[in-house]
Amino acid sequence: MRRMTNFSRVQDQASKCIAKLEEFSGVDKSMIENIMQYAKQLTREEHGEIDSFIFMSQMGKQFEIYSSTLLISMYESIKRPKASGLSVEDFCKCICVFLSDRTDIKAEFVFRVYDNNKDGVLSRYEVQQLLKTCIVNKDNNEQDMHDDVEEGVHELSEIVSKMLNIDNQGLIHMEQFRKMAKANSMYIELLGRCLPSEKSLQRFIARLSGKTPYEIRDEFKDEKLETLDGLRKGSVVAKKETTLYPINLDMP
């Protein structure tokens, strides 16, 4: 009887979590159930959390997000204070943001990733540091490459500052960023890509659609072990960080 009660409690908690994520993101309930089953296959057995390496590997493998700088910040922005890893619910919330059609929650998610020191605002310094990960440079000379990047960051910083309407204190606030993204969704990832490519997103949706949670469990049951095995064998290779520039920037 006690075992049945515990099972019912777990089921009830899962149902509440799914309902909360559905309301938050607008993602279909059946898809959220499958996302949750996928997430459960990535957890560590001892405490049911997803560690940083598994998270970053899955972001690259499933969603083509490779920037180590942004992935570390993304992980820290999702992880709860004092937690040793990501909870299943918080990982699912991240995936639901990816799948949602709501620009406001995407903008808030991206802003929190960009906000490296987690003080609620983006400073001019943070903007400049983020832009360094976005610049394409083909020069093999290390000093020339450094000089080119610094020059490019300075020029881009001036352009982007005007586009983002940085205030007199050199800060960008969440609401300001959200309004900018709503006016032009292309500005959401102006400082680096931390949302999935359209191709990878559609591939992920197709993989989870039309299946039961049990089928998802079987499909992803070896996902964590394959990643860890690749790490042990040295076959997990980090891809080059995705760069954004040069691109054409249209001033508002």
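The following passage describes the overall fold of a predicted model, the setting of methionine 180 and the packing of helices α2 and α10.

In this predicted model, local features require pLDDT of at least 70 and side-chain atom pairs count only at pLDDT 80 or more, whereas totals for chains, interfaces and linings use all residues. Residues are numbered from 1 along each chain as its sequence is written, and side-chain values use heavy atoms, with hydrogens and water left out.

The chain contains 12 helices and 2 strands, taken as DSSP runs (helices H or I, at least four residues; strands E, at least two) and numbered from the N terminus. Of its 252 residues, 42% are buried, that is, under 20% relative accessible area with a 1.4 Å probe, protein chains only. Among contacts (heavy atoms within 4.5 Å) with a separation of 6 or more, 71% join residues 24 or more positions apart.

Methionine 180 lies in helix α9 (residues 174–183) and counts as buried because its relative accessibility is 10%. Leaving aside residues up to four places away in sequence, methionine 180 touches Met163, Leu164 and Tyr187.

Helix α2 (residues 29–40) packs against helix α10 (residues 198–208) at an angle of about 95°, with the axes 10 Å apart, the axes being lines fitted to C-alpha atoms over the stretch in contact and angles running from 0 to 180 degrees between N-to-C directions. The two helices, α2 and α10, are therefore roughly perpendicular (65 to 115 degrees). At this contact, Met31, Asn34, Ile35 and Tyr38 of α2 meet Phe204, Ile205 and Leu208 of α10.

Conventions:
Buried means under 20% relative accessible area, exposed over 50%, partly exposed in between (1.4 Å probe, protein chains only). Angles under 35 degrees count as roughly parallel, over 145 as roughly antiparallel, 65 to 115 as roughly perpendicular and the rest as oblique.
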